[in-house]
Amino acid sequence: MAQVILENVYKSFSSRKDEPAATTVAAEPLLAPLHKGAVPSKDSGRRTHAMSVLRAINLRINDGEFMVLVGPSGCGKSTLLRLIAGLEELTGGNIYVGDRLINDLPPKERDIAMVFQNYALYPHMTVYENLAFGLRRTKVGSAQPADNRQPLTGIQDTPLSTPDQLKPSRSFPIWAENLLIETTRKLPKGLRFRSQREQAIDRQVRDVAQILQIEALLNRLPKQLSGGQKQRVALGRAMARNPQVFLMDEPLSNLDAKLRAETRSQIVKLQRQLGTTTIYVTHDQTEAMTMGDRIAVMNAGQIQQIASPLELYNHPANRFVAEFIGSPPMNFLPVQFKAPLLITHPQFRLTLPEVWAAALQPYDGQTLTLGIRPEHLNVSAAAPKNLPIQVELVEALGSETVVAAKLVGSSPDAPLLQARIEPDRVVSLGEQLWLSLAPDKIHLFDATTGQAIAIH
């Protein structure tokens, strides 16, 4: 397996003739370049007349890590995955897999396997043939793998073959073996052509099928499979090649909620078992939080923050990350700060904990954005430090109740506040309540830049 390094990566698409040229924004990298001597974008002037999709992407994915790229639709996460796979051409920057610079390598030479959103199974081939297809057409076995990878290990410690074990027999080239295999496939077993390489491929396919528990499906066509079964076959086709890196582009988006949850845990278990470096793209922040070792949050073609799931939740770098991570999303209120620790709003006033004193010293007299998550609001008694609300919507979920409410006295177009309250409390529409804020769970953001104000 191998680490993946993205160094100052840019991607632009040329504007159409009937579209106005996009204006290039000279953005500083959000993360420092990982290597000295990074290659700048190939033609920075050309981007003035092009649509910039990715800008200054710097990311290091460790060997064996499960990295999740998450963000709203159109933020560039799938494009970034396609750049790594070689399906799109870089505008600028470098991509390394292990110690190899792969910028100019064709996809087949990158030793990367990709699982697509639509699975991309061959409809006329059985599950077995879909799993074996890539192995039969890859020129494997010509040399020892550069990273001396060990065979993957199945559930019962059955080793999956590495590429050098699938070398063609000396008497026939690969194309001739494949032709003989195709022409004799429908003959009785005793008359079928079975080279040593084909026998190794057969073992590889059956080992992968055992790991994914699809052994009973090997003779079925894709149209005879459920969505979850198709997803496992697509994953198995990637696994069978024993690549250095797995790329997964929203593979669960076509599944229903229950099957999505089950398959999510299966993918995480398999990744831990195989130890293959994995880059997983999703727009679902629940998937990101439950699957990734680390998460890279993207927006508008740039990485906003890279951190562990709990670090993103507890210490978001800016307002976008704070709002995107968490469900329901964080609430935001404009407040006025007065030194040393007082924040005021037309509906409430609150004294902050002492730990905020040093960080807020430069903001005396300024407007800040207060962020508070729904789970950190509690129904409480009337008090100047609490928020008076009028209930607009109630979602009783059994394990919890989510209340959407408007601050009493706020303007009609003011956004609704959301609060998670105990499920046993009965709340009716139009009811007026008071909500208290957990002081140690408050987030404050610069009202102009949106950057989080960090407690030193």
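Let's start with a definition: buried means under 20% relative accessible area, exposed means over 50%, and partly exposed lies in between (1.4 Å probe, protein chains only). Glu88 is partly exposed, with a relative accessible area of 23%.

Now the ground rules. This is a predicted model, where local features need pLDDT of at least 70, side-chain atom pairs count only at pLDDT 80 or more, and totals for chains, interfaces and linings use all residues. Residues are numbered from 1 along each chain as its sequence is written, and side-chain values use heavy atoms, with hydrogens and water left out.

Next, salt bridges. A salt bridge is a side-chain nitrogen of Lys or Arg within 4 Å of a carboxyl oxygen of Asp or Glu. How many salt bridges does the structure hold? Six.

Back to Glu88. Its side chain meets that of Arg82 in a salt bridge, 3.3 Å from N to O. Arg82 is partly exposed too, at 29%.

Strands here are DSSP runs (E, at least two residues), numbered from the N terminus. Buried or partly exposed? Glu65 is buried, at 7% relative accessibility. Arg294 is partly exposed, at 22%.

Last pair: Glu375 and Arg420. The closest N and O atoms are 3.6 Å apart. Glu375 lies in the loop between β14 (367–372) and β15 (377–380), and Arg420 in strand β18 (residues 417–421), so the pair links parts 45 residues apart in sequence. Salt bridges with shared partners join Glu375, Glu400 and Arg420 into one network.

Methods:
Helices (H or I, at least four residues) and strands (E, at least two) are DSSP runs, numbered from the N terminus.
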